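This briefing is for a reader who is meeting the structure for the first time.

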Amino acid sequence: MSNEDDVVKGKGPAGGWGSLKGIASVSVESSASPSAMDTLRRMNKPGGFMCNSCAWPKPKNYSAFEFCENGAKSVMWELTRDRCTPAFWDDHTVHGLRGWSDHELESTGRLTHPLRYNPDTDRYEEVDWPTAFEGIAGELRQLSPEQAVFYASGHAGLEASYLYALMARLYGNNNLPQSSNMCHETTSVGLKKVIGSPVGTIVWEDLEQADAFFFFGQNPGTNSPRFLHPLKDAKKRGASIVTFNPIIEQGLVAFVDPQSAIDMTTGRQTRISDQYHQLSSGGDVAAIMGICKHVIDADKQAQNRGEKRILDVEFIDQHTQGFDRFLDAIEAADWGDIESGSGLTRDALKEAADAYIRSEKVIGVYGMGLTQHTHGSVNVGMLVNLLMLRGNIGRPGAGVCPVRGHSNVQGQRTVGIAEKADLVPMDRLRSLFDFDPPTEDGVNIVEMVEGLIDGSVKASVCLGGNLLRAVPDQERMEEHWARQNLTVMISTKLNRSHLYPGKAAYILPCLGRAEVDQQASGPQAISTEDSFSMISGSTGHREPASDHLKSELAIVAGIAKALLPVNPNVKWDEWTADYSLVRDLIEQTYPDDFGDFNKRMFQPGGFYRGIAAHQRIWKTPGGKAHFTTPEKLTSLGFDANKPGRYSLLTMRSNDQFNTTVYGYSDRFHGIEGTRDVLLMNPEDIKQAGLHKGDTVELITDLDDGVDRRLGGLVVTPYQIPVGTVASYYPECNVLVPVYHHDQLSKTPGSKSVPVRIERQAA
Ligand SMILES: Nc1nc2c(c(=O)[nH]1)N[C@H]1C(S)=C(S)[C@@H](COP(=O)(O)OP(=O)(O)OC[C@H]3O[C@@H](n4cnc5c(=O)[nH]c(N)nc54)[C@H](O)[C@@H]3O)O[C@H]1N2
Ligand SMILES: Nc1nc2c(c(=O)[nH]1)N[C@H]1C(S)=C(S)[C@@H](COP(=O)(O)OP(=O)(O)OC[C@H]3O[C@@H](n4cnc5c(=O)[nH]c(N)nc54)[C@H](O)[C@@H]3O)O[C@H]1N2
Ligand SMILES: [Mo]
């Protein structure tokens with residue numbers, strides 16, 4: 001790096017006083033009520049409510065404060081005393097609000113009343129619930145079922161999600177795309193392809209036994225901070241942590257436990273990563289190939305010396321297929337290609353391989369850094385290859401750990417929010433509800449976007465989320481979105497998706513997870529599934545933000561009842577009155593996963609729904625786990641060596657949850673007061689004839705006739721590999737072409753977008 005002093009660096013450690021300050025600042029910003037702290041104490045514990053932020057599991061033996069900076073911010077944000085009432089629209093028009101930032105829109109506070117858009121005044125106006133339900137149903141009834149889409153962001157609980165999927169199928173389609181289509185669809189498809197299970201294989205106890213954690217493109221400090229506690233414990237018992245990430249993430253460097261009085265007063269830090277490999281964007285296939293090559297070498301040497309094999313030959317023989325072909329590819333792989341593809345040296349990869357070989361039990365952790373690439377599924381397959389060489393799947397202390405995003409994103413898939421018909425037990429639905437479920441696959445997000453562009457999608461119902469801001473090709477999408485006959489958003493806060501209303505448009509405000517959900521039979525609990533497939537009950541205790549809110553389940557049932565013909569087996573009112581009846585239906589539909597659902601949902605730590613690959617049962621064609629052989633040593637879908645082209649990685653700040661921007665302090669990345677930055681290696685800055693502080697525009701470097709650009713970004717020298725640049729999501733979504741996605745799962749390639757850079761007048 002040319003001038004070390006100039007390089008912006010993150011401020012660590014993760015946790016510590018920084019995290020308490022972070023919570024405090026959101027508490028002030030969001031004007032959370034003073035009693036919010038009491039609510040936080042109930043979080044993630046039996047009898048309390050489950051965090052509405054990420055899907056990281058809860059331990060059985062919980063501590064006094066079983067929450068993190070991230071979760072606390074998310075709850076405070078929900079418990080704000082600010083309200084966005086119908087009177088807000090006296091002063092604002094929909095078009096006028098388009099100039100507002102994501103932060104400003106959500107800062108208006110909780111939505112309080114159902115609203116309908118009035119095109120004559122360009123404002124949303126209060127509407128009563130029955131009128132809203134009838135209006136929505138009327139629009140949907142005029143369409144043929146394939147023209148409407150039912151999106152879900154991973155917030156809503158299992159009960160509401162089950163009914164939402166049922167509503168779509170009774171209406172007549174499987175158009176049930178979900179936020180995971182932009183996220184871990186690579187896992188749902190790519191991991192399932194190789195091990196037969198679409199989710200991770202580890203459970204909490206495995207975290208307590210692992211000898212090593214290999215992190216590929218997952219950032220626990222920002223995105224799943226409670227993970228840092230088991231990592232701290234792992235370090236105490238001498239486990240190794242090896243990280244592959246283009247960016248230095250503070251949470252993977254050091255941690256001060258905010259729950260430990262001693263650590264907090266002495267500032268005692270736990271060093272997290274023993275090795276930190278700053279590979280190039282999209283360099284994982286090459287990096288893992290290099291590690292595998294070293295492992296194979298070590299195995300040969302062990303054989304020559306007559307020592308114990310390094311490979312788990314028995315596992316490979318009994319449990320896998322495709323090994324010989326993969327072995328040929330390892331032998332054939334050229335070190336020059338591995339080094340240039342990964343941006344790492346042969347020696348660095350040897351160091352990683354040595355740690356891998358030394359460790360009996362290894363967990364491979366991954367996130368968006370693997371999934372969001374043109375060849376994201378190949379990445380996932382490669383990580384599984386590495387783990388399988390030494391039998392590191394389906395035994396205690398070992399396994400694959402995709403860290404999921406939204407708190408119930410995995411669970412929604414489990415209970416039927418799936419666009420692929422064969423993932424759903426349609427026969428059971430047929431016999432339970434006496435109808436013919438649709439057999440054709442529905443659309444995923446990419447196909448929905450294509451349908452919006454070509455006009456075949458005419459109505460969108462959104463159970464949570466901010467889809468229009470989260471999707472690729474976002475700017476192009478806005479005009480198409482607004483051309484729909486109907487847009488319906490079930491939301492807690494105002495966001496950008498509300499500002500492009502369809503010809504008929506409704507915002508339906510719902511209860512938050514921490515709030516009391518009072519129904520005819522009494523207060524209701526809901527349930528969620530975490531990243532380890534544990535199901536937990538959740539009970540809200542707070543007074544609702546407004547008397548006019550309905551629960552997500554009641555809203556879904558309200559629309560469904562207005563929309564669908566009467567069916568004696570379909571009892572929307574009874575189900576709304578008593579959610580335990582819905583859990584009975586879930587149990588009847590998925591008896592293997594949800595036995596004794598109502599009885600077990602409040603078990604500390606939740607109940608395990610059981611994952612086949614965890615027990616080395618491979619639900620693949622052939623009944624074995626598959627080694628996969630990559631065609632190329634990169635997960636990029638473009639030539640990264642073209643002069644003037646960079647690979648753009650879209651990143652998250654620790655002051656945001658997806659499109660919800662709490663504030664402008666990203667201390668872990670050392671960026672304060674702005675999000676309009678472009679992180680670049682100092683060498684790249686020099687090469688491009690730029691200087692620190694220049695204002696530049698990013699232009700998507702693909703020749704498809706569409707001009708995609710994002711300006712106003714300030715050049716910021718950063719510790720990031722040459723050729724890789726970074727800027728924030730969701731702002732960068734205007735740059736991601738909709739067809740730029742993982743080949744297998746269609747997950748958008750948001751971590752490697754080919755861009756060029758142009759200087760702008762300041
Ligand atoms: N505070 C907070 N928490 C969140 C969220 C949030 O926005 N804010 N979002 C939630 C959701 S929905 C999700 S899905 C998860 C996302 O959580 P993560 O999966 O951690 O997602 P990201 O932070 O987008 O990316 C992870 C890491 O990948 C690295 N990376 C980028 N490109 C590459 C690459 O080519 N190779 C490798 N090895 N690494 C790469 C990035 O530098 C980053 O550190 O977090 C959830 N939790
Ligand atoms: N370039 C780029 N694009 C990305 C990503 C990336 O890394 N880079 N990440 C992708 C990922 S991983 C994901 S998961 C998607 C996220 O996409 P979404 O899930 O669609 O977006 P969120 O920002 O999580 O949604 C925020 C909104 O949800 C609503 N909300 C909050 N809580 C609740 C609740 O309890 N109930 C209901 N009904 N609504 C609620 C609020 O109105 C809030 O404005 O974005 C994807 N897009
Ligand atoms: Mo996500």
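Domain bounds, as used below, come from an automatic or database domain assignment. The model is predicted. In the protein chain this assignment gives domain 1 (106-183 + 408-595), domain 2 (185-403) and domain 3 (646-759). Ligand 1 has a shell that draws at least three residues from each of domain 2 and domain 3, while the shell around ligand 2 draws at least three from each of domain 1 and domain 3.

**Domain 1 and domain 3**

- The C-alpha centres of domain 1 and domain 3 are 32 Å apart.
- Contact between these two domains involves 17 residues of domain 1 and 18 residues of domain 3.
- The size of an interface is often given as the accessible area lost when the parts come together.
- Between domain 1 and domain 3 the buried area is about 1500 Å², and carbon and sulfur atoms give 54% of this area.
- On the domain 1 side, V446, R469 and D473 supply 32% of the area buried against domain 3, more than any other three residues.

**Ligand 1**

- A shell of 30 residues surrounds ligand 1, and the closest of them are N245, E249, D284, Q656 and N658.
- Sorted by class, this shell holds 10 nonpolar, 16 polar and 4 charged residues.
- A nitrogen atom of ligand 1 lies 2.9 Å from a backbone N or O atom of T222.
- On its own, ligand 1 has 910 Å² of accessible area, and the protein covers 98% of it.
- Two or more residues of the shell around ligand 1 come from each of the elements α10 (220-223), α18 (368-371) and β25 (656-657).

**Ligand 2**

- Around ligand 2 there are 31 residues, of which E106, Y151, E552, T659 and N733 come nearest.
- The classes in this shell are 9 nonpolar, 17 polar and 5 charged residues.
- The side chain of S153 has an N or O atom 2.9 Å from an oxygen atom of ligand 2.
- Polar side-chain atoms of R652 and Y729 also lie by an oxygen atom of ligand 2, at 3.0 Å for R652 and at 2.7 Å for Y729.
- Taken alone, ligand 2 exposes 930 Å², and 96% of that is buried by the protein.
- The elements α23 (467-470) and β16 (486-491) each give two or more residues to the shell around ligand 2.

**Backbone details**

- Y729, whose side chain has a polar atom 2.7 Å from an oxygen atom of ligand 2, is joined to P730 by a cis peptide bond.
- The omega angle of the bond between Y729 and P730 is about 10 degrees.
- P730 sits in the loop between β32 (724-728) and β33 (753-759).
- D122 is not a glycine, yet its phi is positive, at about 60 degrees.
- D122 is placed in the loop between β4 (115-118) and β5 (123-126).

Methods
Residues numbered from 1 in each chain as written. Chains lettered and ligands numbered in written order. Predicted model: local features only at pLDDT ≥ 70, side-chain atom pairs only at ≥ 80, totals over all residues. Heavy atoms only, no water. Near = heavy atom within 4 Å. Polar contact = N/O pair within 3.5 Å; in protein donor to acceptor, adjacent residues only side chain to side chain. Areas by Shrake-Rupley, 256 points an atom, 1.4 Å probe, with all protein chains shown as cover. Helix = DSSP H or I, 4+ residues; strand = E, 2+ residues; numbered from the N terminus. Nonpolar A, V, L, I, M, F, W, Y, C, P; charged D, E, K, R; others polar. Contact = heavy atoms within 4.5 Å. Buried area = accessible area lost by both parts, 1.4 Å probe.
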